[in-house]
Amino acid sequence: MRSRRDYIVTKDEVYSYANDWLSAALRLEYEGTKCTASTLFQVLLIAAARVVSIFAACRDLADAPSDQTIRNALAASLPEIVELERRLNRALATKLPKALRRKARMVAIDLTLIPYHGQPAQYEEEIYRGEAKSGTTHFHAYATAVVVHKGHRYTLALTRVEHGEAMKDVLQRLLHIVRRRSVKIKFLLLDKGFFSVAVISYLKRAGHGFIIPAAARGRKPKAPKPVTGLRALLKKNNGYYQHTLQSNAGGKRRSAKVTICVASKDSRQKKTGKRRRKKLLYVVWKVRLTPTDIRETYRKRFGIETSYRQMNEARIRTCTRDPSQRLLFVGIALVLRNVWVWLHLSLIH
């Protein structure tokens, strides 16, 4: 029998798996005179593989339908965006590696913002606002839940994030999808965007352990006023400290008692050679590790940024205002990446 270490993954094999996963989950039905559902998936996967637009893919392919024909097919066959999101999540979990279900795993949750320079298609909430990036503060935003296992990151859930939407609601949707995958959560590694009293209170009620970076917000008080709140903890030694977070979101005053882990990070400046020490704060619950281990464990979440970079290397380029098509293109890229991870976990290792 051939050793799995000698297994060679071919492009035809990757295409076959991706096509099967997407066609079975999305169930796009279209039978035109110049384009069928099968042709539609072929063009979409080729555009994703080449990281080009549908126009460029149709232009470069012999005997391919026109780009307008493909866009018409998408407009006619795509379901409502809520149903499309549900089907894409089903595609992501088509071949969930069995190893992920054997014991509890770390699950990382993050936001990815895709810069957008146009107007919304229907309503203003479609466009997420954030810090300036690529010359804009407007984005199409998506949140993902990714299981971390043996250096691999497998996307379990995907959801859109609209402007003004509470992060607690986004987190609830993602965790609901993860639970349906029968993946046990060891603890959560969350992006700093989820640092809020509402999210922390919800996770405590749900019983999920977590690590969230704590951010000291607001202006730093000028001397001789004493430093208070989270900034005061930056002067503490490495260790665990009790703290009470306050929130006035929505006009309601809320508070949550939390445990703050103070961990330091040493670095050396390249030019001067001087050593620097930076204090990092994390909100921790139901995770029993030393401050150094808390910092190193949370670093594993940064691998999601690599996952997003790989996603963007397979995301169809577009200037459409249609949020459904944009969600589809992001979903296809994540499915392609899941195929790659599944092949490595199931066939090679």
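This note goes through helices, backbone angles, salt bridges and a charged patch in a predicted model.

1. Basis. The model is predicted: local features need pLDDT of at least 70, side-chain atom pairs count only at pLDDT 80 or more, and totals for chains, interfaces and linings use all residues. Residues are numbered from 1 along each chain as its sequence is written, and side-chain values use heavy atoms, with hydrogens and water left out.

2. Helix α1. Helices here are DSSP runs (H or I, at least four residues; strands are E, at least two), numbered from the N terminus. Helix α1 covers residues 11-26, and its end C-alpha atoms are 22 Å apart. This agrees with the 22 Å that its 16 residues should span at 1.5 Å a residue; the expected span is 1.5 Å times one less than the number of residues. Buried residues of α1 are E13, A18, N19, W21, L22, A25 and L26. Buried means under 20% relative accessible area, exposed over 50%, and partly exposed in between (1.4 Å probe, protein chains only). L22, in helix α1, has a relative accessible area of 0%. Between the C-alpha atoms of L22 and V170 there are 24 Å in space, and the two residues are 148 apart in sequence.

3. Helix α5. The 12 residues of α5 reach 16 Å from first C-alpha to last, close to the 16 Å expected at 1.5 Å a residue. Its buried residues are I81, L84, E85, R87, L88, N89, A91 and L92. The list thus includes two charged residues, E85 and R87, where Lys and Arg count as positive and Asp and Glu as negative, with His and the chain ends not counted.

4. Positive phi angles. Most residues other than glycine have a negative phi. Which residue with a positive phi follows α1? R27 does, with a phi near 50°. V51 has a phi near 55° and sits in the loop between α2 (37-50) and α3 (54-60). V51 is partly exposed, at 26% relative accessibility. In D63, also not a glycine, phi is positive at about 65°. D63 belongs to the loop between α3 and α4 (67-77) and is exposed, with a relative accessible area of 82%.

5. Salt bridges. How many salt bridges does the structure hold? There are 13, a salt bridge being a side-chain nitrogen of Lys or Arg within 4 Å of a carboxyl oxygen of Asp or Glu. One of them joins D60 and R59, with the closest N and O atoms 3.0 Å apart. D60 is partly exposed at 47% relative accessibility, whereas R59 counts as exposed at 54%.

6. Salt bridges within helices. An α-helix has 3.6 residues a turn, so residues three or four places apart point the same way. D67 and R71 meet in a salt bridge at 2.2 Å, N to O. The two are separated by about one helical turn because they lie 4 residues apart in helix α4. D67 is buried, with a relative accessible area of 16%, while R71 is partly exposed at 31%. In helix α10, E296 and R299 are 3 residues apart, so about one helical turn separates them. Their salt bridge has its closest N and O atoms 3.3 Å apart, and E296 is partly exposed at 31% relative accessibility.

7. Positive patch. Which residues gather in a patch of positive charge on the surface? They are K98, R102, K103, K150, K186 and K300. Patches are made of residues with over 30% relative accessible area and no salt bridge, with like charges joined within 9 Å and nonpolar side chains (Val, Leu, Ile, Met, Phe, Trp, Tyr) within 5 Å. The place of a charge is taken as NZ of Lys, CZ of Arg, CG of Asp or CD of Glu. Accessible areas come from the Shrake-Rupley method with a 1.4 Å probe, and for residues only the protein chains shown count as cover.

8. K98 lies in the loop between α5 (81-92) and α6 (99-102) and is exposed at 67% relative accessibility. K300 is in the loop between α10 (291-299) and α11 (303-312). K300 is partly exposed, with a relative accessible area of 40%.
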